[in-house]
Amino acid sequence: KNLVEFNLDNPTGHYKLDLANSTDGAVAERLMLLDRWEGALDDKHNRADISHRGNRSHIRNEVWGGRSLHSICRSVAEWKMPEHGEFEFDYMSNQKPLRKAEVLTTKLWDRVLILTYEAACSPEDKIAA
């Protein structure tokens, strides 16, 4: 479910991932890589460090197995992510929509909502769509 809902173009959000689950692990790996990339871009473009711990990380409030990673390592980038346990954190991206991106009109958004409501499928399938 997390991999299907994961949007690399808008990764900001709260994550609770089961690292023993291969798709959750894939989401965690992508976010760890994105964190390093965004941090490097921030450094390259002389952006202010808005990280939680002064390390340019976009990952905050990271907890693995019920234990704060603050007590394990200085930066999540130094942490060797295991293949088990629950990894919970917040991701704060610096990505913004493209300037040429168009905003959905209210009329179009209302139409999407109506079609979703009227669809002949279960509520769970509607949410997943």
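Student: Is Arg53 buried, partly exposed or exposed, and why?
Tutor: Arg53 counts as partly exposed because its relative accessibility is 24%. Buried means under 20% relative accessible area, exposed means over 50%, and partly exposed is in between, with a 1.4 Å probe and protein chains only. Before we go on: this is a predicted model, where local features need pLDDT of at least 70 and side-chain atom pairs count only at pLDDT 80 or more, while totals for chains, interfaces and linings use all residues. Residues are numbered from 1 along each chain as its sequence is written, and side-chain values use heavy atoms, with hydrogens and water left out.

Student: OK. Which side chain does Arg53 meet in a salt bridge?
Tutor: Glu62, at 2.5 Å from N to O. A salt bridge here is a side-chain nitrogen of Lys or Arg within 4 Å of a carboxyl oxygen of Asp or Glu. Glu62 is buried, at 3% relative accessibility.

Student: How many salt bridges are there in the whole structure?
Tutor: The search finds 3. One of them joins the side chains of Arg47 and Asp42, 3.0 Å from N to O. Arg47 is partly exposed at 37%, whereas Asp42 is buried at 5%.

Student: And what does Asp43 pair with?
Tutor: Asp43 forms a salt bridge with Arg56, and their closest N and O atoms are 3.6 Å apart. That pair links distant parts of the chain, 13 residues apart: Asp43 is in helix H2 (residues 22-44), and Arg56 is in the loop between H2 and strand E2 (59-64). Helices (H or I, at least four residues) and strands (E, at least two) are DSSP runs numbered from the N terminus. Both partners are in the in-between class: Asp43 is partly exposed at 47%, and Arg56 is partly exposed at 23%.

Student: Switching to rings. How many aromatic pairs does the count come to?
Tutor: It comes to 5 aromatic pairs. The rule takes rings of Phe, Tyr and Trp (its six-membered ring) with centres within 6.5 Å; planes under 30 degrees apart are stacked, over 60 edge-to-face, and the rest tilted.

Student: Why is the pair of Tyr15 and Phe89 called stacked?
Tutor: Because their planes are at 20 degrees, with the ring centres 5.4 Å apart. Tyr15 lies in strand E1 (residues 13-18) and Phe89 in strand E4 (residues 86-91), so the pair ties together parts 74 residues apart in sequence. Tyr15 and Phe89 are buried. Phe89 also pairs with Phe87, this time tilted, at 4.5 Å centre to centre and 35 degrees between the planes. Phe87 is buried too, at 0% relative accessibility.

Student: Which residues form the aromatic cluster?
Tutor: Phe6, Tyr15, Trp64, Trp79, Phe87 and Phe89 form one cluster.

Student: Last topic, holes. How many cavities of 30 Å³ or more are there?
Tutor: The structure holds 1, and the largest cavity has a volume of about 50 Å³. A cavity is a set of points, on a 1 Å grid over the protein atoms alone, where a 1.4 Å probe fits but cannot get out; lining residues have an atom within 4 Å of a point. Points are joined across faces, edges and corners, and the volume is the space filled by probe spheres set on them.

Student: Which residues line the largest cavity?
Tutor: Among them are His52, Asn55, Ser57 and Ser75, and the lining also includes Arg53 and Glu62, the two side chains that meet in that 2.5 Å salt bridge.

Key
On a 1 Å grid over the protein atoms alone, a cavity is a set of points where a 1.4 Å probe fits but cannot get out, and a pocket is an open set with protein on both sides within 12 Å along at least five of seven lines; lining residues have an atom within 4 Å of a point.
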